[in-house]
Amino acid sequence: MGQPEETTQGEAVRPQPYGALPVYGGTAPGGVPGVAGEGGGPTPAVLVRGLWKRFGEHAAVAGIDLALPAGRFIGLVGPNGAGKTTTLSMVTGLLRPDEGTVRIVGHDVWSDPVAVKSRIGVLPEGLRLFERLSGRELLGYTGRLRGLPGAQVDERAAQLMDVLDLSDARHKLVVDYSTGMRKKIGLAAALLHNPEVLFLDEPFEGVDPVSAQVIRGVLERYTATGGTVVFSSHVMELVESLCDWVAVMAAGRIVARGPLAEVRGAASTLQDAFLSLVGADRRGGQDLDWLGGSTR
Ligand SMILES: Nc1ncnc2c1ncn2[C@@H]1O[C@H](COP(=O)(O)OP(=O)(O)OP(=O)(O)O)[C@@H](O)[C@H]1O
């Protein structure tokens, strides 16, 4: 499979529960996703080579090599401070690496930023939105920034808001949106131009179960029709239930990567595999002998 060409808009690959939504994702349907070595094979959605980021003496990201296959639901997992956000920021062109290269579906993030930005959607950590626009205006503005024709923006914005249960709030200012609504309008803005790869930093944090289910449905549809999702999380159950491919980070390095079942190995859950991979200590607060009622 070569580099994906034009996206397949408006043509469903197979029936989906979210019938009103256009088909998202640009990787050729039916192409078996895989990881390209440098010697050929399918073009990875994301190819990272020798990526470093230091903050003072501290290496937040310490020489990562990673190839993320296209068309997968990929989880980037790791404990607090592992370097997930720093990695995603560099991969999406928001933070310049000290060393290393990143290619998104074959395009270099730093030397070919326009090609990359037209192919990716990003829901960053600490999402900043134009607070004084209504949800609908925000999508209109985003669509025009993306160069989409007005009629297409109108149609897609209405469909996305409908699917994400935001239609009733479309005229409400974003500043008045709840945390979950902000995540959903951020997701809608990230999907509006039908990206090939969608990057989400902690997309479910602060989101109630109903909204989480809605977001999940949209993301599952997106990957089912060829899109690639890369999302960071430390909620292992979520990653295990959503992802088919995971990369585990600890202390700025990738300590495991591959299909979910492979990374989980003999462990009964991804959580157990994760704890042993990152060398987590299981004392669970046994030193806090003053805590609780028995010593009062
Ligand atoms: N702008 C910055 N200046 C200094 N140090 C930073 C900066 N950004 C990140 N770091 C440090 O880099 C390391 C990795 O941080 P990062 O936010 O990438 O981790 P993370 O895996 O996303 O963590 P979490 O799950 O808690 O969000 C941490 O030690 C953090 O303190």
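1. Is E137 buried, partly exposed or exposed? Please bear in mind that we are looking at a predicted model. E137 has 16 C-beta neighbours inside 10 Å, so it counts as partly exposed; being buried takes 20 or more, and being exposed 12 or fewer. You will find E137 in helix α3, which covers residues 135-145. For a sense of scale, E137 and G56 are 81 residues apart in sequence, and their C-alpha atoms are 41 Å apart in space.

2. Now for the overall picture. The protein is built with nine helices and 10 strands. It has 296 residues, of which 44% count as buried. Among contacts with a separation of 6 or more, 69% come from residues 24 or more positions apart.

3. The core deserves a look too. The largest nonpolar core holds 72 residues, and the members that touch the most others are V46, I74, A188 and V246. Taking A188 as an example, it touches L139, L160, M161 and L164 when residues up to four places away in sequence are left out.

4. The ligand site may be what you open first. The residues around the ligand are F55, H58, A60, G78, N80, G81, A82, G83, K84, T85, T86 and H234. The top contributor is α1, with three residues. Sorted by class, the shell has eight polar, three nonpolar and one charged residues.

5. If you check backbone torsions, please stop at N194. Its phi is near 60 degrees, a positive value in a residue that is not glycine. N194 belongs to the loop between α5 (179-191) and β7 (197-201). Since 23 other C-beta atoms lie within 10 Å of N194, this residue is buried.

6. A251 is another one for the torsion list. Here phi is positive, about 50 degrees, although A251 is not a glycine. This residue sits in the loop between β9 (245-250) and β10 (253-259). Is A251 buried, partly exposed or exposed? With 16 other C-beta atoms within 10 Å, A251 is partly exposed, whereas N194 is buried.

Notes: Residues are numbered from 1 along each chain as its sequence is written. This is a predicted model: local features need pLDDT of at least 70, side-chain atom pairs count only at pLDDT 80 or more; totals for chains, interfaces and linings use all residues. A nonpolar core is a set of buried Ala, Val, Leu, Ile, Met, Phe, Trp, Tyr and Cys residues joined through C-beta atoms within 7 Å. Two residues are in contact if their C-beta atoms, placed from the backbone, lie within 7 Å. A residue is near a molecule or strand if its C-beta atom, placed from the backbone, lies within 6 Å of it. Helices (H or I, at least four residues) and strands (E, at least two) are DSSP runs, numbered from the N terminus. Ala, Val, Leu, Ile, Met, Phe, Trp, Tyr, Cys and Pro count as nonpolar, Asp, Glu, Lys and Arg as charged, and the others, Gly among them, as polar.
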